[in-house]
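Me: Got a model open here and a few things to go through. Can you take them one at a time?

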Amino acid sequence: IELLVVFLGVSSGFVLQNYGDNKKDKMMEENYLEGFRSDVRANMDMLLTQIEDDSTWLAQIDYAIYQVMDNTLSYDSACNLMIGMASFSRFKKQNITYINMINSGNLGLIRNYDLRQEIVAYHKSLDDFDVVEEYFKNYSQTIFIPYMLETMDAFTAKFSSREEAKSLRFRNAFAAIISFKQQRLEGYLELMTESKQIVQILDKQ
């Protein structure tokens with residue numbers, strides 16, 4: 001009887017401890033999931049702003065593409081284009097919850113395996129997109145801005161030489177910026193689609 005009492009006492013202790021641990025893990029999981037929801041929604045807000053900015057810019061310079069190609073773009077229009085091309089903004093992803101979970105080794109707290117894989121894949125997409133923006137940033141800082149400072153008057157925002165508006169360097173810089181903006185816009189749209197999908201999955205949990 002004494003052994004039975006001891007056994008039941010020890011067993012009860014293990015059961016209560018496991019129950020407490022499971023309850024704690026579940027609460028942590030719920031906190032992480034809510035954090036993911038908040039982070040993804042913040043990303044969606046930022047993506048919406050970036051999509052609108054790039055879409056607007058590309059629409060506004062559409063007229064200039066053919067004019068640059070056949071060398072009919074006016075001098076003033078070329079100067080205005082250079083100012084717009086110098087503008088650079090960057091998508092600032094929100095991933096603090098994921099980073100905290102990975103650094104603490106708590107990814108396994110997400111019990112739903114499929115959801116866990118979706119979360120990992122989503123944050124990999126965010127990291128992959130960093131490469132696109134970093135390449136654009138490097139081009140802007142190391143090639144375009146030095147070119148702009150070399151050929152434009154900072155006080156008048158005009159080319160120091162009117163011939164520069166027809167130069168090969170200007171044409172190539174214009175083409176490069178358009179290409180970067182288009183690639184970035186495509187990336188923004190893909191991230192927005194993934195963000196909407198994962199929010200729908202998280203809301204079902």
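Me: What does the side chain of Arg37 make a polar contact with?
Reply: The side chain of Glu34, at 3.1 Å. Keep in mind that this is a predicted model.

Me: And which backbone oxygen lies 2.7 Å from a polar atom of the Arg37 side chain?
Reply: That of Leu202.

Me: What else does Arg37 touch, leaving out residues up to four places away in sequence?
Reply: Besides Leu202, Arg37 touches Asp203 and Gln205 with that exclusion.

Me: Where is Arg37 found?
Reply: In helix α1, which covers residues 2–60.

Me: Buried or exposed, that Arg37?
Reply: Buried, because its relative accessibility is 12% and the cut-off for buried is under 20%.

Me: Where is Asn71 found?
Reply: In the loop between α2 (62–69) and α3 (75–85). Asn71 counts as partly exposed, at 41% relative accessibility.

Me: Now Ala157. What is phi there?
Reply: Phi of Ala157 is near 55°, again a positive value in a residue other than glycine.

Me: Which strands does the loop with Ala157 lie between?
Reply: Between β1 (152–153) and β2 (158–159).

Me: Why is Ala157 classed as partly exposed?
Reply: Because its relative accessible area is 30%, and partly exposed runs from the buried limit of 20% to the exposed limit of 50%.

Notes
Residues are numbered from 1 along each chain as its sequence is written. This is a predicted model: local features need pLDDT of at least 70, side-chain atom pairs count only at pLDDT 80 or more; totals for chains, interfaces and linings use all residues. Side-chain values use heavy atoms; hydrogens and water are left out. Helices (H or I, at least four residues) and strands (E, at least two) are DSSP runs, numbered from the N terminus. Buried means under 20% relative accessible area, exposed over 50%, partly exposed in between (1.4 Å probe, protein chains only). A polar contact is a pair of N or O atoms within 3.5 Å; within protein, one must be able to donate a hydrogen and the other to accept it, and residues adjacent in sequence count only if both atoms are side-chain atoms. Contact means heavy atoms within 4.5 Å.
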